[in-house]
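Me: I have a structure open and would like to learn how to read it feature by feature. Could you take me through it?

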Amino acid sequence: MSPVRTLGEIARLIGAGLEGDPSTPIRDVSSLERAEEGTLVLVTEASYLSRLAQSPAAAVIAPPNLAIADRPVLRAKNPRLAFATVLELFHPPPTFPPGIAPSALIAPDATIHPKATISSFVVVESGAVIEAEVILAPFVYVGPRARIGEGSRVHANVTIQADVRVGRRCLIHPGAVLGADGFGFVFDGESHRKVPQVGTVVIEDDVEIGANVCIDRATVGETIVGRGTKIDNLVQIAHNVVIGERSILVAQAGIAGSSRIGRDVVLGPQSGVIDHMTIGAGSQVAGQSAVIRDVPPGAKLAGSPARPFDEELRVIAALGRLPQLLKAVRILEKRLEALEARLGEARD
Amino acid sequence: MSPVRTLGEIARLIGAGLEGDPSTPIRDVSSLERAEEGTLVLVTEASYLSRLAQSPAAAVIAPPNLAIADRPVLRAKNPRLAFATVLELFHPPPTFPPGIAPSALIAPDATIHPKATISSFVVVESGAVIEAEVILAPFVYVGPRARIGEGSRVHANVTIQADVRVGRRCLIHPGAVLGADGFGFVFDGESHRKVPQVGTVVIEDDVEIGANVCIDRATVGETIVGRGTKIDNLVQIAHNVVIGERSILVAQAGIAGSSRIGRDVVLGPQSGVIDHMTIGAGSQVAGQSAVIRDVPPGAKLAGSPARPFDEELRVIAALGRLPQLLKAVRILEKRLEALEARLGEARD
Amino acid sequence: MSPVRTLGEIARLIGAGLEGDPSTPIRDVSSLERAEEGTLVLVTEASYLSRLAQSPAAAVIAPPNLAIADRPVLRAKNPRLAFATVLELFHPPPTFPPGIAPSALIAPDATIHPKATISSFVVVESGAVIEAEVILAPFVYVGPRARIGEGSRVHANVTIQADVRVGRRCLIHPGAVLGADGFGFVFDGESHRKVPQVGTVVIEDDVEIGANVCIDRATVGETIVGRGTKIDNLVQIAHNVVIGERSILVAQAGIAGSSRIGRDVVLGPQSGVIDHMTIGAGSQVAGQSAVIRDVPPGAKLAGSPARPFDEELRVIAALGRLPQLLKAVRILEKRLEALEARLGEARD
C-alpha cells in the first residue's frame with residue numbers, strides 16, 4: 001500500500017474539485033459500509049448520507065450537486081471514475097521483475113521478450129510468442145504458436161491452447177481456458193463423429209476474461225472477442241462466436257456457436273444466446289434470459305425466450321394475476337350462462 | 001479400506017440399536033441399487049423395501065419405526081447420519097505425511113507449519129502462511145500473504161490469490177478460484193476502465209468449496225463465506241458478497257456483487273441473486289430462480305423472477321391452462337356478442 | 001497443415017462424387033463466411049448460395065440435389081460428415097512422441113505404458129495406470145489408482161481424482177475435474193456433516209468432456225458416463241448420476257444427484273435436471289429448461305419446469321397475449337354487467 005497522502009494532493013492527482021481542508025491526511029480508500037478512520041469513501045446518492053453521517057471516513061468523493069456538510073469533499077463529475085483512480089493511487093498493481101523462472105519450460109523455438117515475466121512451472125510450447133511486459137503466473141500453459149500480446153497478464157492455472165492469439169493489456173483470470181475444441185459432432189449413423197476444430201481464438205486488446213471462463217476455438221476460422229470487451233467468471237463462448245468491442249458478458253452467461261454479438265452489448269448473468277444469432281450493437285439482455293431470435297441494435301430484452309424488456313415486465317406482472325384470471329373467467333362463464341338462460345326465458 | 005467388522009462392533013461404534021445377530025460380518029457399505037454381499041445399506045422409507053428384498057445386503061440401517069423382517073437392522077433416529085458415520089468407519093480419509101515436496105516452491109518468507117503437507121509443484125508466495133495439517137495438492141497456487149487455516153485441504157489446480165484467508169478444516173475442490181478480481185468497471189466515455197479490486201476473500205471455518213467455483217475478491221473490504229457453509233461445483237460468488245453460516249449453495253448458482261445471504265439459506269441449482277440483495281436467514285430459493293428483490297427471513301421462493309413458492313406453483317399450474325383460457329375468452333366474447341345482439345332485439 | 005491436394009484426390013479419399021475439374025488444387029478448408037482462395041467450403045442449403053457466389057472458394061461440398069453452377073462440387077449424402085473428413089485430411093491431429101518428460105512425477109508403483117506421452121509437470125499418483133497412446137498435457141493430476149484408457153488425451157490443468165476410470169479414446173479438455181466429492185451432507189442438528197463420498201467416476205470409451213466440466217464421484221458406487229457421450233464446457237454432473245451412451249450435454253447444463261439419463265438424450269444449454277430423475281432414451285430437453293419429473297423415452301421438453309415441447313410453445317405464444325387477455329376479461333366483465341343490468345330492466 002502507498003503512504004499517506006493529503007486530500008489536496010489527491011485532488012490534484014485526479015483532477016477533482018476540493019471542498020474542505022487540503023491538508024486532511026488520507027491513508028486509504030474504503031467502502032462506505034466498512035469505512036475506517038483516515039479513509040476516503042465514495043458517496044453517489046443522497047440515500048447514502050445517513051450511513052455517511054455515522055462513518056468515521058475522513059473525506060468523501062461525491063458528484064457536484066450532492067450536499068455534504070460534515071466532512072471534506074472531492075467533487076467529480078464521474079465520481080466512480082474518480083474513485084477508481086484513487087484506488088489505483090493507493091493500490092498500484094504489483095510489479096514483477098522480468099525474467100524466466102528456472103523451473104519454467106520454454107520450447108527452444110518459442111520467443112520470450114526479455115521484459116516478460118515467466119513464473120515458475122509455466123510451459124510455453126514451440127513457436128509461441130510472449131511479448132514485452134507480459135506476466136505469466138504459475139501453471140500457465142501456452143500452446144504451440146500461441147501469442148500473448150504486450151502487457152497482458154495471465155493468472156495461475158490458465159490454459160491457452162495452440163495458435164490462440166491474445167492481444168495487448170489483456171487480463172486473464174485463473175482457470176480460464178482459451179481455445180479448447182468447439183463442440184462439433186456429426187452423426188454418422190452409429191456415433192457422434194468429431195468435427196475437427198482447426199480454427200483458433202483471437203482476443204483483441206484490453207479484454208478482461210474472468211476465472212474459469214471457456215472460449216472455444218473455431219471449427220475453421222476464428223472465435224473473436226473484440227477490443228475492450230469484459231467477460232465475467234464462468235462464461236461460455238462457443239466456436240466461431242464473434243463479439244464486438246466494449247461488450248460486457250456477466251457471470252455464467254453462455255453464447256452458442258457462430259453467434260455474432262455487436263459492440264457495446266450487455267449480456268446479463270446466466271443469460272444464453274442460441275447458435276447463429278446476431279445481436280445488434282448496444283443491445284442489453286437481462287439475466288437468465290434466452291435469445292432465440294436476432295436482436296436489432298439498441299434493443300433491451302428479458303425473459304426465456306427473450307422479449308422486449310417492457311413487454312416482459314408486463315407479462316411478469318400479468319403472470320402474478322393469472323390464477324385469479326382463471327377464476328374470473330370461470331365466474332364470467334357462469335354469469336353468462338345464467339344470463340343466456342334468463343334471456344331464453346325472457347324471449348319465451 | 002478397513003477390515004471386516006461385525007455388526008455388533010458397528011452398532012457400538014456409532015451408537016445404534018441392533019436387531020439381529022451381532023456377529024454378522026460387514027465388509028463395506030454400499031448403495032441399495034448396487035448392494036453387494038456382506039455390505040450394509042441404508043433404507044429410509046418403506047418404498048425401498050421391495051428393492052431391499054432382492055438385495056444381497058447383509059444388514060440395514062433404518063429409522064426406528066420401519067419394519068424390516070428379512071435381515072439384521074441397525075436402528076438410528078437419524079439414519080443418514082448413521083450411514084455417514086459408517087462410511088467414515090470403512091473409508092477413513094487418506095493420511096498424508098507432513099513435509100514439503102522437493103519440487104514445491106515456497107517463498108523464503110512464507111510460513112509453512114512443520115505438520116503441513118505440501119505436494120509436488122505447489123507454489124506458495126511471499127508472506128503466505130500455511131497452518132498445521134493443511135494438505136496442498138499438486139498445482140495449487142497460494143498467492144502473496146494468503147493464509148490457509150489448520151486442517152484445511154486444498155485439491156489440485158486450485159488458485160488462491162493474494163491476501164485470501166481460508167479458515168480451518170475447509171475443503172476446496174479442484175479448479176476452484178478464490179480471490180480473482182471482482183467484475184468492476186466504470187465507463188469513462190471511451191472504454192470500460194477497470195476499478196481496481198483491492199479487497200480480499202475470507203473463508204471462515206468448515207467451509208466446503210466445490211470444483212471450479214469462483215469467489216471474487218472485494219473491491220474494497222472482504223467477500224465473506226460464513227462458517228460451515230457448503231458450496232457446490234461451478235458456483236459464482238461476486239465481489240463483496242457476504243454469506244452467513246451454514247448456508248447451502250447448490251451447483252451453478254450465482255450471486256452478484258454486494259448481496260448479503262443470511263445464515264441457513266439454501267440457493268438451488270442454477271439460481272441467481274442480483275446485486276445488492278439481502279436474503280434473510282433460513283430462506284430457500286428453488287433451482288433456476290432469480291432473486292431480484294430483498295427476501296425476508298424464512299421465505300421460500302421460486303421462479304424467474306422469484307415469487308413466494310406457493311404462488312409460483314399456482315402460476316405454473318395456471319400457465320398450463322393459459323392456451324385454453326385464451327380460447328375460452330374468445331368463446332365468451334362471441335357468446336356475449338350474441339347475447340348483446342339478442343338483448344338488443346328483445347328490447348326493440 | 002498438409003500439402004495441397006487435388007479435388008480428385010479428395011473425392012477419392014472421402015468417397016464423394018465429383019462434378020468439375022479433378023485437377024482443381026485445394027490447399028485447405030474454410031468457412032463460407034471467410035472463405036479464401038484455393039479452399040473447399042461446405043454448403044448445405046440453397047439459402048447459402050448467394051454467399052457462395054461472392055466467395056473465392058475453389059470448390060464446394062454439397063448434398064446431392066443442391067444445384068451449384070459456378071464451381072466444382074463434391075457430392076455427399078452427408079455433407080457435414082464429408083466436411084469433417086476433409087478437415088481431418090488437411091489438419092491431422094498432432095502426434096506426440098511417447099515417453100515421460102523429465103519433470104513429470106510418476107509414483108514408483110504407477111504403471112505408464114511405454115507408448116504413452118506424459119508431458120512436463122504431470123503428476124501420476126500411486127497405483128494409477130496410464131495405457132498406450134495416452135497423452136497427458138502439462139499440469140494434469142492423476143490421483144491414486146486412477147486409470148486412463150488407451151488412446152485418451154487429457155489436456156492441461158485437468159484433475160482426475162483417486163480411483164476414477166477413463167475409457168479408451170476419450171478427450172478431456174482443460175480444467176475439467178473428474179471425481180471431486182459429491183455434494184452430500186447430513187444435518188446433525190448443529191452443522192452440515194459431510195457424507196463421505198467414497199464411490200468413484202467411470203467414463204466409458206469415446207467420451208468427450210469439455211473445458212471446466214465437473215463430474216463428481218459417487219457417494220458409494222459409481223457416477224457413469226456412457227460410451228460415446230459428448231459433454232460441452234462447464235457442465236455439472238453430480239454424484240451417482242448415470243448417463244447412457246451417445247448422449248449430448250450442451251454447455252452449462254447440470255444434472256443433480258442420482259439421476260439417470262438414457263442413451264441418445266440431448267440436454268440443451270443451461271438446462272437442469274433435478275435429483276433422482278429418470279430421462280428416457282432419445283429424449284430432448286431444450287436450453288434453460290428444468291426437468292423436475294421423470295421423462296419417458298423420446299420426449300421433447302422445454303420450459304422451467306419442463307413441459308412437452310409443443311405445449312410449451314403454445315404457453316409461450318399465449319404468454320405474449322396475457323396482458324391483453326387481462327384487459328379483454330375486464331372489458332367482458334363490464335359488458336356482462338351492463339347486460340345483466342339491462343336484462344334486469346328488460347324483465348321488469
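Me: Let's start with the copies. What rotation superposes chain A on chain B?

Reply: The general idea is that two copies of a chain are related by a rotation about an axis and a shift along it. In this predicted model, chain A goes onto chain B by a rotation of 120° with 0.1 Å of shift along the axis, at an RMSD of 0.1 Å. For chain A on chain C the rotation is 120° with 0.0 Å of shift, and the RMSD is 0.1 Å. That is the relation of a three-fold axis.

Me: Now the interfaces. How many residues does the contact take from chain A and from chain B?

Reply: A word on convention: the size of an interface is often given as the accessible area lost when the parts come together. Here we can count residues instead. The contact takes 54 residues from chain A and 54 residues from chain B. On the side of chain A that touches chain B, α3 (79-90), α4 (309-320) and α5 (322-347) each supply at least two residues. The largest share, twelve residues, comes from α5(A). By type, that side divides into 25 nonpolar, 18 polar and eleven charged residues.

Me: And which element gives the largest share of the side of chain A that touches chain C?

Reply: That contact joins 53 residues of chain A to 53 residues of chain C. Strands β21 (177-180), β22 (185-187), β23 (192-194) and β26 (214-216) of chain A each supply at least two residues, and so do α4 and α5. The largest share is from α5(A), with eleven residues. This side of chain A has 33 nonpolar, eleven polar and nine charged residues.

Me: Let's look at one chain by itself. Is chain A a compact globule or more spread out?

Reply: Begin with its make-up: chain A has five helices and 40 strands. Its radius of gyration is 28 Å, well over the 20 Å that the globule rule gives for 348 residues, so chain A is more spread out than a compact globule. The C-alpha trace spans about 105 × 75 × 30 Å along its principal axes. As for contacts in chain A with a separation of 6 or more, 19% are between residues 24 or more positions apart.

Me: Which domains does the assignment give for chain A?

Reply: The assignment gives domain 1 (5-90), domain 2 (99-309) and domain 3 (310-348). Between domain 1 of chain A and domain 2 of chain A, the C-alpha centres lie 37 Å apart.

Me: On to the interior. Which residues have the most contacts inside the largest nonpolar core?

Reply: In soluble globular proteins, nonpolar side chains tend to be buried together. In chain A, buried residues make up 55% of the 348 residues. The largest nonpolar core has 227 residues, and those with the most contacts inside it are Val140(A), Val140(B) and Val140(C). Take Val140(C) as your example: not counting residues up to four places away in sequence, it touches Val122(C), Val154(C), Ala156(C) and Val158(C).

Me: Finally, the backbone. Which peptide bond of chain B is cis, and where is Gln252(A)?

Reply: Most residues other than glycine have a negative phi, and most peptide bonds are trans. In chain B, the bond from Ser304(B) to Pro305(B) is cis, with omega near 5°. Pro305(B) lies in the loop between β39 (300-302) and β40 (307-308) of chain B. In chain C, the bond from Ser304(C) to Pro305(C) is cis too, with omega near 0°.

Gln252(A) is in the loop between β31 (248-249) and β32 (254-255) of chain A. Though not a glycine, Gln252(A) has a positive phi of about 70°. Gln252(A) is buried, with 30 other C-beta atoms within 10 Å. Phe121(C) also has a positive phi, of about 55°, and lies in the loop between β11 (117-118) and β12 (123-124) of chain C. With 28 other C-beta atoms within 10 Å, Phe121(C) is buried.

Definitions and conventions:
Residues numbered from 1 in each chain as written. Chains lettered and ligands numbered in written order. Predicted model: local features only at pLDDT ≥ 70, side-chain atom pairs only at ≥ 80, totals over all residues. Contact = placed C-beta atoms within 7 Å. Helix = DSSP H or I, 4+ residues; strand = E, 2+ residues; numbered from the N terminus. Nonpolar A, V, L, I, M, F, W, Y, C, P; charged D, E, K, R; others polar. Least-squares fit on C-alpha atoms with pLDDT ≥ 70 in both. Domains from an automatic or database assignment. Core = buried A, V, L, I, M, F, W, Y, C linked by C-beta atoms within 7 Å. Buried ≥ 20, exposed ≤ 12 C-beta atoms within 10 Å, placed from the backbone. Rg over C-alpha atoms; globule rule 2.2 N^0.38 Å.
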